Amino acid sequence: MGVSTRTPLIAGNWKMNLDHLQAVAFVQKLHWALKDAKHEFEAVDVTVFPPYTDLRSVQTLIDADKIPFGLGAQDLSTHDSGAYTGEISGAFLKRLDVGSVIIGHSERRDYHQETDEVVAAKVQAALRHELVPVICVGETAEDLEKHGASAVPVGQLEIALEGVPAKADIVVAYEPVWAIGSGQAATPEQAQEVCAKLREVVKAKLGEDAAARTRILYGGSVKAANIASFMRQPDVDGALVGGASLIVDEFAAIVRFQKHVGV
Ligand code: PGA
């Protein structure tokens with residue numbers, strides 16, 4: 001384990017999986033699994049990022065049953081309201097007690113042509129509504145070959161942090177595109193190297209305090225079997241988990257990484 005005092009964050013990005021009924025059943029089962037395992041909930045922050053149509057149901061459940069999970073959304077509009085068919089405002093998310101929002105996931109950048117400028121505008125939209133932006137950056141296989149691992153994510157983060165105030169609460173997720181959904185995760189050393197460089201960017205843009213406080217996650221084929229090796233790295237403060245966040249026991253084991261991290 002690293003020496004940091006940052007509370008680890010394990011984030012489940014469900015992508016377009018689980019409808020609102022499945023979502024409720026899933027969150028209940030995950031909570032029970034962690035309770036059965038006597039998990040220490042204060043030790044690790046857990047946030048789930050369901051599809052928009054599930055948010056109200058999950059919010060009602062975690063509120064009623066006092067489930068200590070954060071609720072996040074997978075995207076938001078750059079606009080606050082108006083004639084933007086199909087878009088969702090940060091204001092609506094805030095009204096649902098959503099606390100954070102994924103921004104610039106590689107699937108949005110790739111399939112929806114989200115540029116670094118759009119990502120930066122979404123970061124501003126999130127901050128306007130007091131939502132924590134989970135800013136995703138990462139290189140493709142081609143970028144990796146041409147420029148090495150860190151150049152592209154560093155450049156993406158520099159643009160995303162333009163105009164962000166030093167006191168802003170943000171999360172950064174380093175997700176090499178080639179590692180997402182491929183079963184081939186980065187090595188812990190590579191994740192550490194890039195996450196350390198991303199922390200330097202946070203320091204240069206937002207200052208030392210922000211760099212010390214900001215959580216930087218690794219994402220890309222994280223599973224119960226490899227989470228501990230990432231969490232041992234000093235600049236990796238958690239994980240953004242896709243596929244494995246949809247399997248109750250697997251995700252519960254990731255959340256309980258401290259049991260197998262060897263501390
Ligand atoms: P994966 O996805 O864990 O399925 O690789 C990670 C992500 O896209 O956030």
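1. Is Glu130 buried or exposed? Glu130 is exposed, because its relative accessible area is 61%; the classes used here are buried (under 20% relative accessible area), exposed (over 50%) and partly exposed (in between), taken with a 1.4 Å probe and the protein chains only. Glu130 sits in the loop between helix H5 (116-128) and strand S5. Helices (H or I, at least four residues) and strands (E, at least two) are DSSP runs, numbered from the N terminus.

2. A word on the basis of these notes. The model is predicted, so local features need pLDDT of at least 70 and side-chain atom pairs count only at pLDDT 80 or more, while totals for chains, interfaces and linings use all residues. Residues are numbered from 1 along each chain as its sequence is written, and side-chain values use heavy atoms, with hydrogens and water left out.

3. Backbone angles come next. Most residues other than glycine have a negative phi. Glu130, which is not a glycine, has a positive phi of about 55 degrees. Leu18 is not a glycine either, and its phi is positive at about 70 degrees. Leu18 is placed in the loop between strand S1 (9-13) and H1, and it counts as partly exposed because its relative accessibility is 22%.

4. S6 pairs with strand S5 (residues 132-137) in the parallel sense over four bridges; two strands pair if DSSP finds at least two bridges between them. Within this pairing, Ala173 of S6 has Cys136 opposite.

5. S6 also pairs with S7, in the parallel sense and over four bridges. Val171 stands opposite Arg215 in S7, and Tyr174 has Tyr218 of S7 as its bridge partner.

6. How many residues of S7 are buried? Five of its five residues are buried, and the strand is mostly covered. Arg215, Leu217 and Gly219 lie on one side of S7 and Ile216 and Tyr218 on the other, so that both faces are covered. S7 pairs with strand S8 (residues 238-241) in the parallel sense over two bridges, and there Tyr218 stands opposite Ala239.

7. Why does Arg215 count as buried? Arg215 is buried because its relative accessible area is 19%. Its side chain is joined to that of Asp45 by a polar contact of 2.8 Å. A polar contact is a pair of N or O atoms within 3.5 Å; within protein, one must be able to donate a hydrogen and the other to accept it, and residues adjacent in sequence count only if both atoms are side-chain atoms. Not counting residues up to four places away in sequence, Arg215 touches (heavy atoms within 4.5 Å) Arg6, Thr7, Pro8, Leu9, Asp45, Ile170, Val171, Val172 and Asp237.

8. Helix H2 (residues 55-64) has Leu55, Ser57, Val58, Gln59, Leu61 and Ile62 buried. Against what do the buried residues of H2 pack? They pack against helix H1 (20-36), strand S2 (45-49), strand S3 (70-73) and helix H3 (90-95).

9. Phe92 lies in helix H3. Phe92 is partly exposed because its relative accessible area is 47%. Phe92 and Ser81 are 11 residues apart along the chain, and their C-alpha atoms are separated by 9.4 Å.

10. The ligand is surrounded by 13 residues, of which the closest are Lys15, His105, Glu175, Gly181 and Ser221; a residue is near the ligand if one of its heavy atoms lies within 4 Å of it. The shell divides into four nonpolar, seven polar and two charged residues. Here Ala, Val, Leu, Ile, Met, Phe, Trp, Tyr, Cys and Pro count as nonpolar, Asp, Glu, Lys and Arg as charged, and the others, Gly among them, as polar.

11. Which atoms of the protein lie by ligand oxygen atoms? A polar side-chain atom of Glu175 lies 2.7 Å from an oxygen atom of the ligand. For Gly242, a backbone N or O atom lies 2.8 Å from an oxygen atom of the ligand, and for Gly243 a backbone N or O atom also lies 2.8 Å from one. Taken alone the ligand exposes 280 Å², of which the protein buries 95%; accessible areas come from the Shrake-Rupley method with a 1.4 Å probe, and for residues only the protein chains shown count as cover.
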